[in-house]
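Thanks, everyone. I will go through one part of this model, strand by strand and then the helix packing.

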Amino acid sequence: MKSERVTWGGLTSQVIHDLAAGEKPALAVVLCHGYGASGTDLVPLAQPVLTTAAAQSRPKAVLIFPAATLDLAEQGVPGGRAWWPVDLDRLINRRTSELLGQFRKACPDGLRESRDRLLALLTEAGQHFELTSDRFVLGGFSQGAMLATDVALRLKKAPAGLVVLSGALINEGEWRRLALERGSLAVVQSHGKHDSILPFPMGNALRDLFLEGGADVDFVAFNGDHEIPLEVLHRLTHFVRRLAASV
């Protein structure tokens with residue numbers, strides 16, 4: 001596999017692919033890391049997605065892993081980055097049903113700025129690889145999944161797919177309107193039944209919003225915490241390969 005570091009939309013990103021020289025991808029997959037992780041946290045997902053037993057069945061896809069602009073070093077998380085600020089202590093240790101309700105309805109400060117950055121990345125990456133927005137799969141883990149969802153619902157042309165790994169419903173009023181306008185959207189979503197960061201009902205609420213909007217949702221509920229287990233990785237790999245083969 002080949003790896004390259006680029007800056008698109010003001011976001012430093014790792015680009016991974018297994019294309020021959022001069023070969024263009026059929027699909028680009030953009031995966032955004034979670035709160036407090038490094039920009040390369042999800043890069044290990046590239047190998048199982050791109051590697052196949054038969055060379056002729058390898059997906060003609062490129063994976064892009066952007067790093068968020070907010071540096072958390074001063075908050076005691078060296079190497080950690082975020083798409084917007086989060087009071088984790090309040091969310092995890094002091095949460096109440098009222099707080100979770102506020103979390104679900106609020107548009108967090110910093111979301112708009114990260115949205116604009118990711119949209120700019122899609123524009124530049126699309127120009128580079130000669131791909132339109134319907135040839136992109138957007139996704140991420142936790143906070144990165146929420147950012148990807150926000151962007152996927154706003155694109156003028158629906159993306160090829162959306163990957164929501166341990167994400168949650170936020171900005172509910174606007175997302176509900178956008179989901180209804182978006183209509184059909186291929187989504188693979190996963191959430192741990194024992195998630196200690198974003199409780200399982202928060203993932204369920206997002207799934208229900210997708211379904212109400214007319215999305216085709218493959219929902220994977222697993223017996224685990226805030227993580228990406230092997231069964232979810234298999235589902236993600238199949239999802240990307242299927243989409244790459246269909247374009």
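Start with E8, helix H6 (residues 172-182) and E9, which form a right-handed β-α-β unit. Right-handed here means that, with the strands pointing away from the viewer, the path from the first strand over the helix to the second runs clockwise. Helices (H or I, at least four residues) and strands (E, at least two) are DSSP runs, numbered from the N terminus.

This is a predicted model: local features need pLDDT of at least 70, side-chain atom pairs count only at pLDDT 80 or more, and totals for chains, interfaces and linings use all residues. Residues are numbered from 1 along each chain as its sequence is written, and side-chain values use heavy atoms, with hydrogens and water left out.

E8 (residues 161-165) runs parallel to E9 (residues 186-192), joined by four bridges; strands pair if DSSP finds at least two bridges between them. Val163 stands opposite Val188 in E9. E7 (residues 136-141) is also parallel to E8, with five bridges, and Gly140 stands opposite Val164 in E8. From E7 the chain goes through H5 to E8, again a right-handed β-α-β crossover.

How many of the five residues of E8 are buried? Five, where buried means under 20% relative accessible area, with a 1.4 Å probe and protein chains only. Gly161, Val163 and Leu165 point one way, Leu162 and Val164 the other. In a regular strand, side chains alternate between the two faces of the sheet.

Last, the helices. Leu118 and Leu122 are among the H4 residues that meet H5, where Leu147 and Val151 are among the partners; contact means heavy atoms within 4.5 Å.

How values were computed
Buried means under 20% relative accessible area, exposed over 50%, partly exposed in between (1.4 Å probe, protein chains only).
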